[in-house]
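Please examine the sequence and the three-dimensional structure shown below. The briefing that follows begins with a single residue and its contacts, and then turns to other residues and to the chain as a whole.

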Amino acid sequence: MTNKPERTCIACRKKGSKENFIKIVKNKSGEFKIERDKKLDGRGAYICKTNECVEKCAKTRSLNRVFKTVVPQEVYEELKNEFTNTEN
């Protein structure tokens with residue numbers, strides 16, 4: 001029996017399978033992308049697909065801590081837009 005790895009939301013600390021989260025990736029060039037096709041290489045962070053977690057992540061700048069760098073405001077805005085598109 002194999003166990004599926006669990007991911008943890010950086011905003012609320014909830015655990016679950018990766019299908020329940022939005023993933024943000026920082027690639028080797030230092031660019032931040034929202035993973036849409038599950039094929040991006042690089043360091044990743046997971047956020048629940050809820051408005052509360054997306055807002056909390058933006059408010060507390062959680063991605064800055066995870067990636068140990070200043071994440072541009074555009075990344076947080078894109079994340080909010082991605083969440084809006086996911087919900088519809």
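Leaving aside its neighbours within four places in sequence, Lys23 is in contact with Lys33, Ile34, Glu35, Gly44, Ala45 and Tyr46, where contact means heavy atoms within 4.5 Å. The structure is a predicted model, in which local features need pLDDT of at least 70, side-chain atom pairs count only at pLDDT 80 or more, and totals for chains, interfaces and linings use all residues. Residues are numbered from 1 along each chain as its sequence is written, and side-chain values use heavy atoms, with hydrogens and water left out.

**Strand 3**

- Lys23 lies in strand 3, which comprises residues 21-26; strands (E, at least two residues) and helices (H or I, at least four residues) are DSSP runs, numbered from the N terminus.
- Lys23 is buried, because its relative accessible area is 15%; buried means under 20% relative accessible area, exposed means over 50%, and partly exposed lies in between (1.4 Å probe, protein chains only).
- Ile22 is also found in strand 3, and with a relative accessible area of 5% this residue is buried.
- Ile22 and Glu35 are 13 residues apart in sequence, and their C-alpha atoms are 7.4 Å apart in space.

- Glu6 lies in the segment before strand 1 (7-8).
- The relative accessible area of Glu6 is 56%, so Glu6 is exposed.
- Not counting residues up to four places away in sequence, Glu6 touches Lys15 and Gly16.
- The C-alpha atoms of Glu6 and Gly16 are separated by 5.1 Å, although the two residues are 10 residues apart along the chain.
- Cys12 lies in the loop between strand 1 and strand 2 (15-16).
- Cys12 counts as partly exposed, because its relative accessibility is 35%.
- Cys12 touches Cys48 and Cys53, when residues up to four places away in sequence are not counted.
- Between Cys12 and Val54 there are 42 residues of separation in sequence and 9.8 Å in space, C-alpha to C-alpha.

**Helix 1 and its two sides**

- Which residues of helix 1 are buried? They are Cys53, Val54, Cys57 and Ala58.
- As a general rule, an α-helix has 3.6 residues a turn, so residues three or four places apart point the same way.
- Glu52 and Lys59 are exposed on the other side of helix 1.

- Arg61 lies in the loop between helix 1 (51-60) and helix 2 (62-67).
- Phi of Arg61 is near 55°, which is a positive value in a residue other than glycine.
- Arg61 counts as partly exposed, because its relative accessibility is 24%.
- Ser62 lies in helix 2 and is buried, with a relative accessible area of 2%.
- The residues that Ser62 touches are Ile10, Lys56, Cys57 and Tyr76, not counting residues up to four places away in sequence.
- Lys68 lies in the loop between helix 2 and helix 3 (73-87).
- Lys68 is not a glycine, yet its phi is positive, at about 55°.
- At 76% relative accessibility, Lys68 counts as exposed.

**The chain as a whole**

- The chain has three helices and five strands, and along the sequence they follow the pattern β-β-β-β-β-α-α-α.
- The C-alpha trace spans about 40 × 30 × 25 Å along its principal axes.
- Of the 88 residues in the chain, 35% are buried.
- Among the contacts in the chain with a separation of 6 or more, 45% are between residues 24 or more positions apart.
- The chain has 21 positive and 13 negative side chains; Lys and Arg count as positive and Asp and Glu as negative, while His and the chain ends are not counted.
- The centres of the two charge sets lie 7 Å apart, with the place of a charge taken as NZ of Lys, CZ of Arg, CG of Asp or CD of Glu.
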